[in-house]
Amino acid sequence: SYGRVQSCFGNVAAHLRPGGSFLVEGHEPDVVGDAPVRIEVPLHIDGVRQVYRLSLLPVPQARLDSAAAHAGLVVAARWQD
């Protein structure tokens, strides 16, 4: 949920050293919701198949910016490719 994002950003802000940075990689989600999206990525390492499991929370950029501001963080730069 958005509350978890705010909590995460607040926790990061509390642990950053003065002048420190917090990097967030993201993209605009196709679907926005409070439920995490689970993704499985098959990997082959040294001939052994493994599955890397991710749990992502689809949060639009505007909400990330809002959570950052709420935590006292400032967006220093934004890049895209």
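**Packing of helices α1 and α2**

In this predicted model, helix α1, spanning residues 2–15, packs with helix α2, spanning residues 61–70, at an angle of about 45°, and the two axes lie 8 Å apart. The two helices are therefore oblique to each other, and the crossing in which α1 passes α2 is right-handed. On the α1 side, the contact is made by Tyr2, Val5, Gln6 and Phe9, while α2 contributes Arg63, Leu64, Ser66, Ala67, Ala68 and His70. Sorted by class, the residues of this contact comprise six nonpolar, three polar and one charged.

The largest nonpolar core consists of seven residues, namely Tyr2, Val5, Phe9, Val59, Ala67, Ala68 and Leu73. At least two residues of this core come from each of α1 and α2, and α1 gives the most, with three residues. In soluble globular proteins, nonpolar side chains tend to be buried together.

Asp81, by comparison, is placed in the segment after α2. Asp81 counts as exposed because its relative accessibility is 96%, where the cut-off for exposed is over 50%. Between Asp81 and Gln6 there are 26 Å in space, C-alpha to C-alpha, for a separation of 75 residues in sequence; Gln6 itself belongs to the α1 side of the contact with α2.

Note on methods:
Residues are numbered from 1 along each chain as its sequence is written. This is a predicted model: local features need pLDDT of at least 70, side-chain atom pairs count only at pLDDT 80 or more; totals for chains, interfaces and linings use all residues. Side-chain values use heavy atoms; hydrogens and water are left out. Axes are lines fitted to C-alpha atoms, for helices over the stretch in contact, and angles run from 0 to 180 degrees between N-to-C directions. Helices (H or I, at least four residues) and strands (E, at least two) are DSSP runs, numbered from the N terminus. Angles under 35 degrees count as roughly parallel, over 145 as roughly antiparallel, 65 to 115 as roughly perpendicular and the rest as oblique. A crossing is left-handed if the near helix is turned anticlockwise from the far one by less than a right angle, and right-handed if clockwise. Contact means heavy atoms within 4.5 Å. Ala, Val, Leu, Ile, Met, Phe, Trp, Tyr, Cys and Pro count as nonpolar, Asp, Glu, Lys and Arg as charged, and the others, Gly among them, as polar. A nonpolar core is a set of buried Ala, Val, Leu, Ile, Met, Phe, Trp, Tyr and Cys residues joined through side-chain atoms within 4.5 Å. Buried means under 20% relative accessible area, exposed over 50%, partly exposed in between (1.4 Å probe, protein chains only).
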